[in-house]
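Have the sequence and the coordinates open as you read.

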Amino acid sequence: MLTQIYYLLFGLVAIAGGAIGYARAKSKASLIAGSASGALLIIAGLLSPSVPGFVLALIVSVLLLAYFGRSYAAKKKPMPAIPMIVLSGICIVLTRDRLAVTK
């Protein structure tokens, strides 16, 4: 249950972050990527506690972690990289634990 709620909240944060990126920098890429990743996380929350929901959340979180980790390494700008790295890491740990329980 906690994991499902986390996916839903993380999805909303991703969508909000994409909207903020668009509002501040007129970045359509931020809006599209934030909306897509947020929607996928919300879908994962709706699908869980099934394995497909966990796998979807894990894939999205790993991709977000890779993107924002690379972005932070290149630009050294903490926002929005650090919060997204932390949120993705938490999601990965929660999901890994849930997948271990379901096996």
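This is a predicted model: local features need pLDDT of at least 70, side-chain atom pairs count only at pLDDT 80 or more; totals for chains, interfaces and linings use all residues.

## Ground rules

Residues are numbered from 1 along each chain as its sequence is written, and side-chain values use heavy atoms, with hydrogens and water left out.

Helices here are DSSP runs (H or I, at least four residues), numbered from the N terminus. Two packed helices are described by the angle between their axes and the distance between the axes. The axes are lines fitted to C-alpha atoms over the stretch in contact, and angles run from 0 to 180 degrees between N-to-C directions.

## H2 against its neighbours

Take helix H2 (residues 28-47) and helix H3 (residues 51-75) to start with: their axes come within 8 Å and cross at roughly 155 degrees. The crossing of H2 past H3 is left-handed, a label used if the near helix is turned anticlockwise from the far one by less than a right angle. On the H2 side the contact (heavy atoms within 4.5 Å) uses Ser37, Leu40, Leu41, Ile43, Ala44 and Leu47, and H3 answers with Gly53, Leu56, Ala57, Val60, Ser61 and Leu64. Sorted by class, that makes nine nonpolar, three polar and no charged residues. For that sorting, Ala, Val, Leu, Ile, Met, Phe, Trp, Tyr, Cys and Pro are nonpolar, Asp, Glu, Lys and Arg are charged, and the others, Gly among them, are polar.

H2 also packs on H1, at an angle of about 170 degrees and with the axes 7 Å apart. H1 and H2 are therefore roughly antiparallel as well. Their contact has 14 nonpolar, ten polar and one charged residues.

## H1 against H3

How do H1 and H3 pack, in angle and distance between axes? The angle is about 45 degrees, and the axes are 12 Å apart. H1 and H3 are therefore oblique to each other, and H1 passes H3 in a left-handed crossing.

Thr3, Tyr7 and Phe10 of H1 meet Gly53, Phe54, Ala57, Ser61 and Leu64 of H3. By class that's five nonpolar, three polar and no charged residues.

## The nonpolar core

The largest nonpolar core has 16 residues, and Tyr7, Phe10, Leu41, Ala57, Leu64, Met84 and Cys91 have the most contacts inside it. Such a core is a set of buried Ala, Val, Leu, Ile, Met, Phe, Trp, Tyr and Cys residues joined through side-chain atoms within 4.5 Å; buried means under 20% relative accessible area, exposed over 50%, and partly exposed in between (1.4 Å probe, protein chains only). Helix H1 (2-25), H2, H3 and helix H4 (78-102) each give two or more residues to this core. H3 supplies the largest share, six residues.

Skipping neighbours within four places in sequence, leucine 64 is in contact with Phe10, Ser37, Leu41, Gly69, Met84 and Ser88.

## Backbone spots worth a look

Two prolines follow cis peptide bonds. The one from serine 48 to proline 49 has omega near 20 degrees, and proline 49 sits in the loop between H2 and H3. The bond from methionine 79 to proline 80 is cis with omega near 0 degrees, and proline 80 lies in helix H4.

Then there are two lysines. Lysine 26, in the loop between H1 and H2, has a positive phi of about 55 degrees despite not being a glycine, and is exposed at 59% relative accessibility. Lysine 76, in the loop between H3 and H4, has phi near 60 degrees and is exposed at 54%.

## Two partly exposed residues

Glycine 69 lies in helix H3 and is partly exposed, with a relative accessible area of 26%. Leaving out residues up to four places away in sequence, glycine 69 touches Leu64 and Ile85.

Isoleucine 15 belongs to helix H1 and is partly exposed at 30%. With residues up to four places away left out, isoleucine 15 touches Gly34, Ser35, Gly38, Ala39 and Ile42.

Definitions and conventions: Angles under 35 degrees count as roughly parallel, over 145 as roughly antiparallel, 65 to 115 as roughly perpendicular and the rest as oblique.
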